[in-house]
Amino acid sequence: MRSRAIKTRSIVLVAYLSVMISSSMLFAEAGPAKAWTLLETGLSQKSAVQRLVSVRVLGLIPDDTHAVELAEKALKDPSGPVRAAAATALGQMHASGADAALRQALKDRDLTVVMAAAHALRLINDPACYEAYYQILTGERRNDSGMIAQEMKVLHDPKQVAEMGFNEGIGYVPFASIPWEALQTIMKDKKNGAAAKAALMSALATDPAARTKKMLLAASQDRNWVLRVAALEAIAKRGDPSLLSGIAPTLQDSRREVRCTAAAAMIHLNDVARGHANTKAALNGATSSRAPRLGVSN
C-alpha cells in the first residue's frame with residue numbers, strides 16, 4: 001500500500017511538472033506576441049491616458065525596431081503628452097535611427113514636446129537639440145520654426161517645468177553642497193524661470209556654437225547668483241580656454257559660491273590650455289625629428 005501511494009504521488013508529480021514545462025514553453029512562444037498585442041491595443045485606444053501609458057513603457061525596450069516604429073508613430077498623436085512621451089521613449093531607447101522624426105518634433109506647437117524631443121536628440125548625440133535649447137532660453141523665434149510664442153511663459157510655471165522633466169531629463173541639480181539656499185533663491189525668482197534657465201544652460205554646455213559662448217559669458221554676470229554659477233559650470237564643461245579672460249572678473253563676485261565656481265572653472269580651462277600647448281609642442285617635436293638633417297657629409 002505504501003509503495004503504491006509513493007508511486008501514485010510520483011506519477012502526479014511527473015504529470016504536474018510536465019504541465020508546468022508545457023505551460024512555460026507555450027508562454028515563451030505566446031508571451032511576447034501577447035505582450036505586443038497589449039501595447040498595440042493600448043496605443044489605439046480613444047483615451048489619451050491609455051495611449052500615454054502604452055507609449056511610456058516603450059522606452060524599456062531597447063534595440064527593438066518595432067518599439068521604435070510604435071514610438072515614431074506616436075510622435076504624430078493628437079495628444080501633446082502622448083507625443084512628448086513618445087519622444088522621451090525614443091531617447092531612452094537611444095534610437096539613433098529616429099533622428100529625422102525627432103528633428104521634426106522640434107517644430108511641435110507644444111513646448112513640452114519640443115523639450116522632450118530635444119533631450120532625446122541630446123541622448124543620441126544629435127546637435128539639433130542645441131537650437132531648441134538656445135531658442136527657448138533666449139526667447140528667439142525663427143521663421144522656419146513651428147513653435148508658437150510660449151517661450152518663457154511656460155518656464156515661469158514650476159508645475160510645467162517639472163512636467164518637462166528638467167531635474168531628470170536634463171540633469172541640472174544645483175550645488176549639491178548648498179541645495180536649500182539655491183532652492184530658496186530660485187523660488188524667489190520664479191517669474192524669470194531661474195530653475196529652467198539654469199537647466200538649459202547646463203544642456204547648452206557642449207554646444208559648440210559661438211553665440212552660445214557669448215550667451216554664457218553674459219549669463220555669468222546675471223543678477224541672479226544661481227544663474228551666474230550655472231553659466232560658469234557650463235563654461236567649465238565646454239573646456240574652451242578662450243573664455244578665460246571673460247570669466248576672470250567673476251573671481252571678485254560678491255557671492256562666495258560664484259567665486260569658487262569661477263576659480264574651479266579657471267583652473268580647469270588653464271589645464272586644458274596647458275594640455276593643448278603640450279600636445280602642440282609634442283607634434284612639433286615629432287615633425288622636427290622626422291625632418292632631414294642638413295650637415296657636412298664625410
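Residues are classed here as buried under 20% relative accessible area, exposed over 50% and partly exposed in between, with a 1.4 Å probe and protein chains only. The model is a predicted one, in which local features need pLDDT of at least 70, side-chain atom pairs count only at pLDDT 80 or more, and totals for chains, interfaces and linings use all residues. Residues are numbered from 1 along each chain as its sequence is written, and side-chain values use heavy atoms, with hydrogens and water left out.

Threonine 261 lies in helix α16 (residues 256-290); helices are DSSP runs of H or I with at least four residues, numbered from the N terminus. Because its relative accessibility is 17%, threonine 261 counts as buried. Beyond its neighbours within four places in sequence, threonine 261 is in contact (heavy atoms within 4.5 Å) with Val229, Leu232 and Glu233. From threonine 261 to alanine 230 the C-alpha distance is 9.0 Å, with the two 31 residues apart in sequence.

Alanine 230 also takes part in a helix pairing, as follows. Helix α12 (residues 194-203) packs with helix α14 (residues 225-238) at about 10°, their axes 8 Å apart. Axes are lines fitted to C-alpha atoms over the stretch in contact, and angles run from 0 to 180 degrees between N-to-C directions. The pair α12 and α14 is therefore roughly parallel, a label for angles under 35 degrees. On the α12 side the contact is made by Ala194, Lys197, Ala198, Met201 and Ser202, and on the α14 side by Leu227, Ala230, Ala231, Ala234 and Lys237.

Turning to cysteines, cysteine 129 counts as buried because its relative accessibility is 2%, while cysteine 260, at 41%, counts as partly exposed.

Notes:
Helices (H or I, at least four residues) and strands (E, at least two) are DSSP runs, numbered from the N terminus. Angles under 35 degrees count as roughly parallel, over 145 as roughly antiparallel, 65 to 115 as roughly perpendicular and the rest as oblique.
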